[in-house]
Amino acid sequence: MGDSAFTIEFGNTVDPALQARVEGLDRAIASARTMEGLNGLNGLVETVPTFRSLTLIYDPLETDRDRLLDAVLPLAGKADPVPPSAVRHWLLPACYDEGAAPDLVATTRTLKLDAGELASMHANTEYLVYMLGFLPGFAFMGDLPEALRLPRRSEPRTRVPAGSIAIAAGLTAVYPWESPGGWHLIGQCPVPLFDPMRSTPALLRAGDQVRFDPVGTAEHARLKAAIAAGEIDPESFCETRGAPP
Amino acid sequence: MSTGLKVVSQGAYASIQDMGRIGFRRFGVPWSGVLDRRLMRIANHLVGNEETAPVIECFDGGQQFAAANASLRLAIAGNAVIEVEDDAGRRQIASWRSFILVPGQSLRIARISPGRIGVLAVSGITVPAVMASASTYARAALGGLHGRALQAGDEVGASAATAGAGRMLAQTPVPAVGAIRVVAGPQRDHFDSSAWSTFTSSDYKISATADRMGVRLDGPPLGHLARYGHEIVSDATMPGSIQIPGNGLPVVLLADAQTAGGYPKIATVISADLARVAASPPGSTIRFTAVGAHEGERIARDEERLTRALLEAIRTARGEGFDLDALYSGNLIDGVVNALSPEQSR
């Protein structure tokens, strides 16, 4: 991309196997960068893993595309997909009450489900965090059960409230910030997914596994207040911590 | 002594920026940062700051500032019409050189043209870093003052000006002309050769939807190849990415660009030319021309040499026409003085 980045593509679909390969190369590069001596990676500014590709951003005053490709392509050939032992499991509270879910009624109508079925199907699926992007801390998670899949809204909203749980196509997400958005809003999550004051500002990372825990309106409000007051650590919603990468 | 610069009016738009919040795109955090790093480096050099110190990036003009309770050393890089007003009257001062603003005076950026972006450096500016940067990214309330753009009533921390001569740029940067250079891809193959030739041979007009996140263009729409459609599985975007959404009209992403997107990207503006896109006012037209990635890298290195030459040629202003520091601190002038030296008055 231009004079200061290139993208290594592993495919062009949403597929956990692709995500694992992207993650594998990203970690191989990160570990090569920590090694002493010349690894050919000086001038690399940052890497951006997505569903299906890894973008390397570099400083053309310090290196160039050819030199970086020479250093990275051998790693791409031998990097293993990310091992399952490194995966963290989260259980995030989710309020699916109608007051927290502006699109619940319309969505249940489109999907021909009742609200309880929709909530329980959404909550009882384990999602993979494919990537972070779009907004700070915004995690693209999948895959939704077939019965919950529908295209994006034809008219995107100009204002999606922070904390909204949303679905579109095969994916689900929690909006960490108020923003425009075209996904269907089916609930609210009280856990802030991004806090610049934390040592790792984004709560979730690519490769994590996430399930949702249905809570009522009152419990949602209580959790939100307790987290804001510092009485509950958002990290406490992580059930298992794998080995650090 | 620590004091501050008061924001009397934020004008069209003004925000605190620096080199940007680098290293967090993987978490969805845009870089932000100044749209034109050369302007930041020049302005900071003129006031004696580190060249990557936070600056106040101003759009279009209308901004007004005052020294809180001590004199401040300031400089504006960019083609700004600057006025200083006090009891003695109003006078125009030049950009591309440092000056002292004393309490009781008001500094106004009347307009910025050509180029729409002016960068104000303040000697000894202090803005707390959030995730290693002071850059404002309002959508997630990061950086700047209170995580938002500047507003009337804000005060930006700074040091009182110390004695010493002002500094000026020996020669103002030569404005770049010609087409905006792009490198094809990463989804160039989603467009046929006729779309590519339209893209690289047509005038595109900067629309009214132009901000720090990106610029929407009006012009001939570019059709996506039917077998790909107009959406992709999201991959990384960066400042300079040119997305082609369903309506076929290019969107050039800038410093506040989102980190990933689902529209095909036909090409990427090279870093040397991106500030020109950001500085093009709505209604003006640009054209694109293709260069190879290696050529883009070479241009980046040439541009850096040019910037360094400009910075190395900064000299003290004493003995060069008006010594603004002396004039202002002595408050000797009234009325309008055109402090442009001959080489700057073109």
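**Notebook: a two-chain predicted model**

I started at B:R116, which is buried, with 24 other C-beta atoms within 10 Å. For burial I used this cut-off: a residue is buried if 20 or more other C-beta atoms lie within 10 Å of its own, exposed if 12 or fewer, and partly exposed in between, with C-beta atoms placed from the backbone.

Ground rules, before going on. This is a predicted model, where local features need pLDDT of at least 70 and side-chain atom pairs count only at pLDDT 80 or more, while totals for chains, interfaces and linings use all residues. Residues are numbered from 1 along each chain as its sequence is written, and chains are lettered from A and ligands numbered from 1 in the order in which they are written.

I looked up phi for B:R116 and found a positive value near 55 degrees in a residue other than glycine. B:R116 sits in the loop between β9 (106–112) and β10 (117–122) of chain B. Strands here are DSSP runs of E, at least two residues long, and helices are runs of H or I of at least four, numbered from the N terminus. That loop also holds B:P114, and the peptide bond from B:S113 to B:P114 is cis, with omega near -5 degrees.

A:F134, not a glycine, has a positive phi of about 75 degrees. I placed A:F134 in the loop between β5 and β6 of chain A, and A:F134 is buried, with 23 other C-beta atoms within 10 Å. The peptide bond from A:G142 to A:D143 is cis, omega near 5 degrees; A:D143 belongs to the loop between β6 (139–142) and β7 (157–160) of chain A. I noted these because most residues other than glycine have a negative phi, and most peptide bonds are trans.

**A hairpin and the chain contact**

Pairing takes at least two DSSP bridges between two strands. A hairpin of three residues links β2(A) to β3(A), and A:T47 stands opposite A:L56 in β3(A).

Next, the contact between the chains: 38 residues come from chain A and 37 residues from chain B. Contact means C-beta atoms, placed from the backbone, within 7 Å. On the chain A side, β1 (5–9), β2, β3 and β5 (127–132) each supply at least two residues. The largest share, five residues, comes from β2(A).

**Chain B as a whole**

I counted up chain B next: five helices and 23 strands. The radius of gyration of chain B is 21 Å, close to the 20 Å that the globule rule gives for 346 residues, so chain B is as compact as a globular protein of that length. The radius is taken over C-alpha atoms, and the rule is 2.2 Å times the number of residues to the power 0.38. Buried residues make up 52% of the 346 residues in chain B.

My last stop was an open sheet of eight strands in chain B, ordered β21-β14-β15-β18-β17-β20-β13-β22, with mixed pairing. β21 (285–286) and β22 (288–290) stand at the edges with a single partner strand each, so one side of each is left without a neighbour in the sheet. Inside the order, β17 (residues 241–243) and β18 (residues 251–253) run antiparallel and are joined by two bridges; B:I242 has B:V252 as its bridge partner in β18(B).

Note on methods: Two residues are in contact if their C-beta atoms, placed from the backbone, lie within 7 Å.
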